[in-house]
Amino acid sequence: MKGLFSFVNSIVISLPSSKSLTLNWSYGSMLGMVLSFQILTGTFLAFYYTNDGSSAFSSVQYIMYEVNFGWVFRIFHFNGASLFFIFLYLHVFKGLFFFSYRLKKVWFSGLVMLLLLMAEAFMGYVLVWAQMSFWASVVITSLLSVIPVWGPSIVAWIWSGFTVSSATLKFFFVVHFLLPWGLLVVVLAHLLFLHETGSTSKLYCHGDYDKICFFPEFWVKDALNLVVWFVFVLLCFLGPFYLGDPEMFTESDPMVSPAHIVPEWYFLYAYAILRAIPNKVLGVVAMFGSLLLFFLFVFVDNYTAMLSKLNKVFVFLLLFTLVMLSWLGQCLVEEPFVTLSMVFSAVYFVTVLILFFIFWGSKFIFK
């Protein structure tokens, strides 16, 4: 018991933290709160959800209309996914602004969490078994068929047959329920790696000369997350389905596909990159490459001075590019949107590579 208290004390009380940390360093604590919130609401929903293709959609309606406060838990859960990705992307961009990828283990574990959360969100989206989520599962799982040799077998294994069916839904439900618990282990490793090296700061360093204890100063700073939660709850009640798609209110029909298949907003940029390339194999490679490219930063050893001003210019360019790609991802597949998707996809990859070379090259400039 004493060891447990000592461990908790080292993480949230006596942890040395730079006194120059701003509210941008509260995104991580907010993500921890949202993850706990999602696990809580998701567990409640799992009590009443039926993972069978013939009754899954009806069970969601049952939760909304018949279960006491079921509608509250559901709107909190699916809007909580959007809140999760808002702060996840803010956290990533904070890392890009302040060269957090210098902390290799922290950056690597963070990217692993990002990939796991994307898989988790996609499977949760499918569980509604509505028209849009059903066909989104058909499209996305079919992309795995481009894997050489084993691709078709992997798709058939996930589908549990030759098409997306009730058995596929069971597979998604079990993985969606179990994955967050594995995610907690990765989060713990992420925190341990962070506390091993210390966080970066506005000073672009993590030395010991400006450190103070985490408690009470940073407890107060992280308590400002409660303001965000208040706004979140307010928006959930005022516009619970604002970020949803009308097709999500229609039960899935394997015989009729929607006229325009669109993923959730937090996947739109990746979907735009996928559609920008006419070749299926290259499109899938580009879509996954848009995320895996950030693993390159782990292979560079650079703890010298950084080209911070130049870096910020390209990070802002990357942010603008992602916003444009997200807008293009929900547009129709027609001109000029197809050409614009190609242009901004190219800008995206070039910008990320430039950020990498700024990081890699600055160690030679300031050597």
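**Figure 1. Two domains in one predicted chain.** The protein chain splits into domain 1, covering 1-254, and domain 2, covering 262-366. What you see here is a predicted model, not an experimental one. Where they touch, domain 1 puts in 29 residues and domain 2 puts in 34 residues.

**Figure 2. The whole fold, zoomed out for a moment.** Count up the secondary structure and you get 14 helices and two strands. The radius of gyration comes to 22 Å, close to the 21 Å that the globule rule gives for 367 residues, so the protein chain is as compact as a globular protein of that length. If you need a box for the C-alpha atoms, roughly 65 × 50 × 40 Å along the principal axes will do.

**Figure 3. What gets buried between the domains.** Interface size is often quoted as the accessible area lost when the parts come together. For domain 1 and domain 2, that is about 3,200 Å², with 77% of it on carbon and sulfur atoms. Which three residues supply more of domain 1's buried area than any other three? They are F97, R102 and K104, which together supply 19% of the area that domain 1 buries against domain 2.

**Figure 4. Polar links across the interface, and the helices behind them.** Between domain 1 and domain 2 there are seven residue pairs in polar contact, counting pairs with both residues at pLDDT 80 or more. On the domain 1 side, the elements giving two or more residues to the contact are α4 (70-97), α5 (104-127) and α6 (131-142). The largest share is from α5, with eleven residues. Sorted by class, this side of domain 1 has 24 nonpolar, three polar and two charged residues.

Figure 5. Side chains of opposite charge can pair when their charged atoms come close. A search of the whole structure turns up four salt bridges, while the count between domain 1 and domain 2 is one. In this close-up, K104 forms a salt bridge with D301, and their closest N and O atoms are 2.4 Å apart. The pair ties together distant parts of the chain: K104 is in helix α5, D301 is in the loop between α12 (280-292) and α13, and the two are 197 residues apart.

Figure 6. Most residues other than glycine have a negative phi, and most peptide bonds are trans. Where does F69 lie? Look in the loop between α3 (56-65) and α4. Phi of F69 is near 60°, a positive value in a residue that isn't glycine. The other spot is the peptide bond from E335 to P336, which is cis with omega near 5°. P336 itself lies in the loop between α13 (308-329) and α14 (337-365).

Methods:
Residues are numbered from 1 along each chain as its sequence is written. This is a predicted model: local features need pLDDT of at least 70, side-chain atom pairs count only at pLDDT 80 or more; totals for chains, interfaces and linings use all residues. Side-chain values use heavy atoms; hydrogens and water are left out. Domain bounds come from an automatic or database domain assignment. Contact means heavy atoms within 4.5 Å. Buried area is the accessible area (1.4 Å probe) that two parts lose on being put together, summed over both. A salt bridge is a side-chain nitrogen of Lys or Arg within 4 Å of a carboxyl oxygen of Asp or Glu. A polar contact is a pair of N or O atoms within 3.5 Å; within protein, one must be able to donate a hydrogen and the other to accept it, and residues adjacent in sequence count only if both atoms are side-chain atoms. Helices (H or I, at least four residues) and strands (E, at least two) are DSSP runs, numbered from the N terminus. Ala, Val, Leu, Ile, Met, Phe, Trp, Tyr, Cys and Pro count as nonpolar, Asp, Glu, Lys and Arg as charged, and the others, Gly among them, as polar. The radius of gyration is taken over C-alpha atoms; the globule rule is 2.2 Å times the number of residues to the power 0.38.
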